[in-house]
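Please look over the sequence and the model before reading on.

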Amino acid sequence: MSSGPIIIAGAGHAGFQLAASLRQNGFSERIALVNDEGHLPYQRPPLSKAYLKGTGGPDTLMFRPEKFYHDQHVDLITDRATSIDRNARKVSLASGASLDYGHLVLATGARNRLLDIPNANLDGVRYLRTLDDSEALRHRIASGQHVIVIGAGFIGLEFAATARAKGLEVDVVELAARVMARAVTAEISEFSQSQHAAAGIRIHFGVQVTSIESDGGKVTGVSLSDGRHMPADLVVVGVGVLPNVELAAEAGLPVAAGIIVDEQLLTADPNISAVGDCALYTSPRFGGSLRLESVQNATDHARCVAARLTGDAKPYDGLPWFWSDQGPDKLQMVGLTTGYDQVVVRGDRGAGAFSAFCYKAGHLLGIESVNRAGDHMFGRRLLAANRSITPEQAADASFDLKGALT
């Protein structure tokens, strides 16, 4: 059971959930949530999808209205943590203020990986991670004509589908041989590629952008590694993120591809935890260390730490799941499929509703579903219980998945 104030550095999904869960669990001392954005804490997934498409204001994205923080006695501080004095248990803020903590939780998230090519800092080169990013892009696509998207990962494809639906010409440039190559099976990639192509999106594989072309300060296009030039009035970059580990590293905490934490999400300092996108955690479920970028991971990390800080310490054992809305299609994934050696397709690819069941040595690792929410929910229940079905059962359309859960 933690005593003294709990300071949470970062107010994304993990930070917000931690504050809410602490109060739900009966924690009665001070909670301060340090928020380095000029908005109330908000949801990120709609930024590349519904929010970008729509006309609703920022209030449609907020986890809770301002009254929630007041009623729950959560001090929402618009500032940024800049350093940690671990001996004094004190966090310094950019404003010059400081906060004393009994326990500190780092929910510092991640930031966009930036392009390192000529003219990459022009105003017409944009990224998409924050509400301000999405707001700026909403205005640009309203008047834009031709956008080039760098990167065919989830964010790049979500944005591309939205921009195309708004009537823009869209080209996607991807160095790999297929879309979402690091995240999904070839079966899902091929379907996604065909859907985007049918919508009029052009995807260029095996090439990269070598420079942004401009006229004065205005983006006019890009140069590609194969010598081609493409016109554009807007370039949107989605080439991954980097975890924000600097605050931890400067305080002498071990970091690698994330802030290193144990299976209970504690750092090397017993008074400091790390959660969400920034945390490289030891996983009893999968063995080894993982760093995941998902709403599920952030919120489940937060609940685990809130439970520990209120007297119910357990190893983190969350089952990863993810989703991506691209045009009319909903892609849902559960489990981690790295190292799979067999894919079984269930459903109807032609009808645009199917799942890829991924196996290693006959054991189910995960399921990737397109417009088959039932398969996804089945996978979440089955894998959470550490159970499997055989590849033959997955391939058999008459096999009752619900029956396998009993």
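This is a predicted model: local features need pLDDT of at least 70, side-chain atom pairs count only at pLDDT 80 or more; totals for chains, interfaces and linings use all residues.

Which residue just after α5 takes a positive phi? Gly-167 does, with a phi of about 100°.

## Helix α5

Helix α5 covers residues 154-165, twelve residues in total. From its first C-alpha to its last it reaches 17 Å, which is close to the 16 Å expected at 1.5 Å a residue.

Buried positions in α5 include Gly-156, Leu-157, Glu-158 and Phe-159. Ala-160, Ala-161, Thr-162 and Ala-163 are also buried. In general, an α-helix has 3.6 residues a turn, so residues three or four places apart point the same way.

## Packing of α1 and α8

Two packed helices are described by the angle between their axes and the distance between the axes. For helix α1 (residues 13-24) and helix α8 (residues 295-309), the axes come within 8 Å and cross at roughly 35°. The crossing of α1 with α8 is right-handed.

On the α1 side, the contact is formed by His-13, Ala-14, Gln-17, Leu-18, Ser-21 and Leu-22. These meet Val-295, Ala-298, Thr-299, Ala-302, Arg-303, Val-305, Ala-306 and Leu-309 of α8. Sorted by class, the contact between α1 and α8 has nine nonpolar, four polar and one charged residues.

Strands of a sheet pair through backbone hydrogen bonds, either parallel or antiparallel.

Strand β14 spans residues 218-224 and is joined to β15 by three bridges, the two strands running antiparallel. Within this part of the sheet, Gly-221 stands opposite Pro-231 in β15.

## The β18-β20-β21 sheet

Another open sheet of three strands has the order β18-β20-β21, here with mixed pairing. Its edge strands are β18 (259-261) and β21 (289-290), and each of them pairs on one side only.

Strand β20, residues 279-282, pairs with β21 over two bridges in the antiparallel sense. Tyr-281 stands opposite Leu-290 in β21.

Key:
Residues are numbered from 1 along each chain as its sequence is written. Side-chain values use heavy atoms; hydrogens and water are left out. Two strands pair if DSSP finds at least two bridges between them. Helices (H or I, at least four residues) and strands (E, at least two) are DSSP runs, numbered from the N terminus. The expected span of a helix is 1.5 Å times one less than its number of residues. Buried means under 20% relative accessible area, exposed over 50%, partly exposed in between (1.4 Å probe, protein chains only). Axes are lines fitted to C-alpha atoms, for helices over the stretch in contact, and angles run from 0 to 180 degrees between N-to-C directions. A crossing is left-handed if the near helix is turned anticlockwise from the far one by less than a right angle, and right-handed if clockwise. Contact means heavy atoms within 4.5 Å. Ala, Val, Leu, Ile, Met, Phe, Trp, Tyr, Cys and Pro count as nonpolar, Asp, Glu, Lys and Arg as charged, and the others, Gly among them, as polar.
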